Amino acid sequence: MDRFRYSTALIRNKPLKTIDTLNPTASESWQQQLNHAFSQVDALCHYLNIDMDSLPELQANASFPVKVPRCFADCMEPGNPDDPLLKQVLPLQEENIAVAGFVSDPVGDLAAMAEAGLIHKYQGRALLITTAACAIHCRYCFRRNFPYIDNQITPQKRHRALDYIAHHSELEEIILSGGDPLLLSDNKLEQLLENLQKIPHIKRIRLHSRLPVVLPARITPHLVQLLASGPQKTILVLHANHPNELSAQVAVACQQLKSRNITLLNQSVLLKGVNDCADTLYALSERLFECDILPYYLHQLDPAQGTAHFAISDSKALSLYHQIQSRLPGYLVPKLVREIAGAAYKIPLMR
Ligand code: SF4
């Protein structure tokens, strides 16, 4: 197998500038890496030396297809069918079991749609759906059933959304989400940022993206320049659930962003079998800080249809939370929250 797997200890001890020589995908552009992402479990298992028979029952043709960039697969442990990163991307048969309370729109996105592709839930900020595409398909995704087709962004719809933002002077922050906003081409992203930068009451532009973690090659010098060049503050909220996701390449990408004063935060989702362990959550916070990222939110799972097998109880979530609180300094403890459809903010879990 001609690839390299990082371990957390190895990452810590390795000079960052040697990473490109260790990564066989380093010579490919981010677009090429995206095109070469795994779309079949058997190919992924072959790459990882995992016997398909050692996995739980899988779906043959999942409607939410498999997508795993090779560099994310490189963070998985070869030969381990229980790898916590692998578990995030396997299309289990269990997804097809209907479970009460697990619904297609668990956080009330559709009811909060102010214009096509513009979600206005909270005071002072609104969220633009920029694309339906993601670099990875996370099986627990709360938007896995989102009707992206109905919310496809034509130039006219985009114009209406921008017009809404311009006419709501209480909106001080715009969140670019998706899908993944960093899958837009540089040109499209630049155009969108320029349009937002012209609106005087926008103080901050926030991007929610999993790309710096699952496809760090996307963080090109040109992209960093683009994100750092506007008059508003730029905040990038990453999404990592396990310390093994934060490879040395991810650390380099984050250093580049941080060097241009882009604020880096992380949100994670509590996932059974992935990170429902105090040691893992502790290591995640420590590794995030090594990468210049502050832990922001630790979400209880949004009950999206097809994700019930990832859920853990509130009492377990709180117990884990108290354990990491007692081990980490306050600035490395993310807020443990749940999103409730229609609520004015994310609700902290409390005993
Ligand atoms: S990257 Fe985010 S939006 Fe895309 S599938 Fe994963 S959780 Fe969902």
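**A residue at the sheet edge**

Is Glu115 buried, partly exposed or exposed, and how many other C-beta atoms lie within 10 Å? Glu115 is partly exposed, because 19 other C-beta atoms lie within 10 Å, while the count needed for a buried residue is 20 or more. The structure described in this report is a predicted model.

Glu115 belongs to strand β1. Leaving aside its neighbours within four places in sequence, Glu115 is in contact with Arg160, Ala161 and Tyr164. Leu162 is 47 residues away from Glu115 along the chain, and the C-alpha atoms of Glu115 and Leu162 are separated by 9.4 Å.

**The sheet as a whole**

The strand β1 is part of an open sheet of 10 strands, in the order β1-β2-β3-β4-β5-β6-β7-β8-β9-β10, and the pairing in this sheet is mixed. The edges are formed by β1 (113-115) and β10 (347-348); each has a single partner strand, so one side of each is left without a neighbour in the sheet.

Strand β2 (residues 118-122) and strand β3 (residues 125-129) run antiparallel and are joined by 3 bridges. Within this pair, Leu118 is placed opposite Leu128 of β3, and Ile119 has Leu127 of β3 as its bridge partner. In a regular strand, side chains alternate between the two faces of the sheet. The two strands form a hairpin with 2 residues between them, and in this hairpin Gly124 adopts a positive phi near 90°.

Strand β3 is mostly covered, as 4 of its 5 residues are buried. Its pairing with β4 is in the parallel sense and extends over 5 bridges. Across this pair, Ala126 stands opposite Ile174 of β4.

**From β5 to β7**

Further along the sheet order, strand β5 (residues 204-208) and strand β6 (residues 233-239) run parallel, with 5 bridges between them. His208 has Val237 of β6 opposite it. Strand β6 is also joined to strand β7 (residues 263-269) by 5 bridges, and these two strands run parallel. On the β7 side, the residue opposite Val237 is Leu265.

Ala161, one of the contacts of Glu115, lies in helix α6 (residues 155-167). Ala161 counts as buried because it has 23 C-beta neighbours inside 10 Å, and a count of 20 or more is what a buried residue requires.

Apart from residues up to four places away in sequence, Ala161 touches Glu115, Gly117, Leu118 and Leu128. Two of these, Leu118 and Leu128, stand opposite each other in the pairing of β2 with β3. Asp42 is 119 residues from Ala161 along the chain, and the C-alpha atoms of Asp42 and Ala161 are separated by 42 Å.

**Helices α7 and α9**

The axes of helix α7 (residues 186-197) and helix α9 (residues 221-228) come within 10 Å and cross at roughly 5°. The helices α7 and α9 are therefore roughly parallel to each other, given that this description applies to angles under 35 degrees.

In this contact, Asp186, Leu189, Glu190 and Leu193 of α7 meet His222, Leu223 and Leu226 of α9. The contact residues comprise 4 nonpolar, 1 polar and 2 charged.

**The surroundings of the ligand**

The residues around the ligand are Cys134, Ile136, His137, Cys138, Cys141, Arg143, Gly178, Gly179, Asp180, Arg210 and His239. By class, this shell divides into 4 nonpolar, 4 polar and 3 charged residues.

Two members of the shell, Gly178 and Gly179, are joined by a cis peptide bond with an omega of about 15°. Gly179 is located in the loop between β4 (173-177) and α7.

**Positive phi values in two loops**

Asn49 has a phi near 60°, a positive value in a residue other than glycine. Its position is in the loop between α4 (41-48) and α5 (70-73). Asn49 counts as exposed because it has 11 C-beta neighbours inside 10 Å, and the limit for an exposed residue is 12 or fewer.

Asp292 is likewise a residue other than glycine with a positive phi, here near 70°. The loop that holds Asp292 runs between α11 (278-290) and β8 (294-299). With 15 C-beta neighbours inside 10 Å, Asp292 counts as partly exposed.

Methods:
Residues are numbered from 1 along each chain as its sequence is written. This is a predicted model: local features need pLDDT of at least 70, side-chain atom pairs count only at pLDDT 80 or more; totals for chains, interfaces and linings use all residues. A residue is near a molecule or strand if its C-beta atom, placed from the backbone, lies within 6 Å of it. Ala, Val, Leu, Ile, Met, Phe, Trp, Tyr, Cys and Pro count as nonpolar, Asp, Glu, Lys and Arg as charged, and the others, Gly among them, as polar. Two strands pair if DSSP finds at least two bridges between them. Two residues are in contact if their C-beta atoms, placed from the backbone, lie within 7 Å. Axes are lines fitted to C-alpha atoms, for helices over the stretch in contact, and angles run from 0 to 180 degrees between N-to-C directions. Angles under 35 degrees count as roughly parallel, over 145 as roughly antiparallel, 65 to 115 as roughly perpendicular and the rest as oblique.
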